[in-house]
Amino acid sequence: MLVVAIAVAAGGITLDLTGPLQVPTGIAAGTISKAVTSTSSGQPLSDGWNLIGNPYQAPLNFVSLRSSNSSLVAAYAYYWVSNGTYTGNYGSYNALTGISANGGTQFVAPHQGFMVRANANGNVSFNNGMIS
């Protein structure tokens with residue numbers, strides 16, 4: 001049973017909630033797997049790129065993702081960094097060196113797609129410990 005108590009005072013509003021948190025259906029939580037494919041076309045710079053996405057409603061720490069999936073995913077990610085309506089650049093982040101370019105950081109926004117390079121075929125695992 002959920003109990004809600006609301007107190008309004010001159011300094012602001014206090015809201016106390018007790019009871020189990022109910023997560024609505026369709027909200028991503030727990031361990032999630034996404035398939036990635038490594039290719040071999042003879043053009044190494046073009047091979048293995050996969051577009052995957054942050055399945056969570058919170059920022060994803062790419063360093064944690066890469067650390068848990070190092071046999072599958074290369075150390076760098078690319079994603080769109082907006083700097084206005086319909087404008088921006090592809091930002092990048094290297095999980096091993098911490099070097100970023102064009103506004104990239106180690107955090108991928110909620111539900112944002114990003115490019116990773118697969119070292120092998122397999123399933124990249126996401127878990128709650130990777131969100132910030």
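Colleague: Which residue in β10 does Asn 50 stand opposite?

Modeller: Bearing in mind that this is a predicted model, Asn 50 stands opposite Val 116 in β10.

Colleague: And where does Ile 52 find its bridge partner in β10?

Modeller: The bridge partner of Ile 52 in that strand is Phe 114, and the pairing of β4 with β10, which covers residues 113-118, is antiparallel and runs over five bridges.

Colleague: What is the strand order of the whole sheet?

Modeller: The sheet is open and has five strands, in the order β4-β10-β6-β7-β8, with antiparallel pairing. The edges are taken by β4 (49-53) and β8 (100-101), and each of these has a single partner strand, so one side of each is left without a neighbour in the sheet.

Colleague: How many bridges join β6 to β10?

Modeller: There are three bridges between β6 and β10, and the two strands run antiparallel. Within that pairing, Ala 77 is the residue that stands opposite Val 116 in β10, while Asn 50 stands opposite Val 116 as well.

Colleague: Changing topic to the rings, how many aromatic pairs does the structure hold?

Modeller: It holds five aromatic pairs. One of them is formed by Trp 49 and Tyr 76, whose ring centres are 6.0 Å apart and whose planes are at 45°, so this pair is tilted. The pair links distant parts of the chain, with Trp 49 in strand β4 and Tyr 76 in strand β6 (residues 73-84), 27 residues apart.

Colleague: Why is the pair of Tyr 76 and Tyr 78 edge-to-face?

Modeller: For Tyr 76 and Tyr 78 the planes are at 70° and the centres 6.4 Å apart, and the pair counts as edge-to-face because planes over 60 degrees apart are put in that class.

Colleague: Which residues form one aromatic cluster?

Modeller: Trp 49, Tyr 76 and Tyr 78 form one aromatic cluster.

Colleague: Is Trp 49 buried, exposed or partly exposed, and what about Tyr 76?

Modeller: Trp 49 has a relative accessibility of 28% and counts as partly exposed, and Tyr 76, at 27%, is also placed in the partly exposed class.

Colleague: What is the relative accessible area of Tyr 78?

Modeller: For Tyr 78 the relative accessible area is 35%, so this residue is partly exposed.

Notes:
Residues are numbered from 1 along each chain as its sequence is written. This is a predicted model: local features need pLDDT of at least 70, side-chain atom pairs count only at pLDDT 80 or more; totals for chains, interfaces and linings use all residues. Side-chain values use heavy atoms; hydrogens and water are left out. Two strands pair if DSSP finds at least two bridges between them. Helices (H or I, at least four residues) and strands (E, at least two) are DSSP runs, numbered from the N terminus. Rings of Phe, Tyr and Trp (its six-membered ring) pair if their centres lie within 6.5 Å; planes under 30 degrees apart count as stacked, over 60 as edge-to-face and the rest as tilted. Buried means under 20% relative accessible area, exposed over 50%, partly exposed in between (1.4 Å probe, protein chains only).
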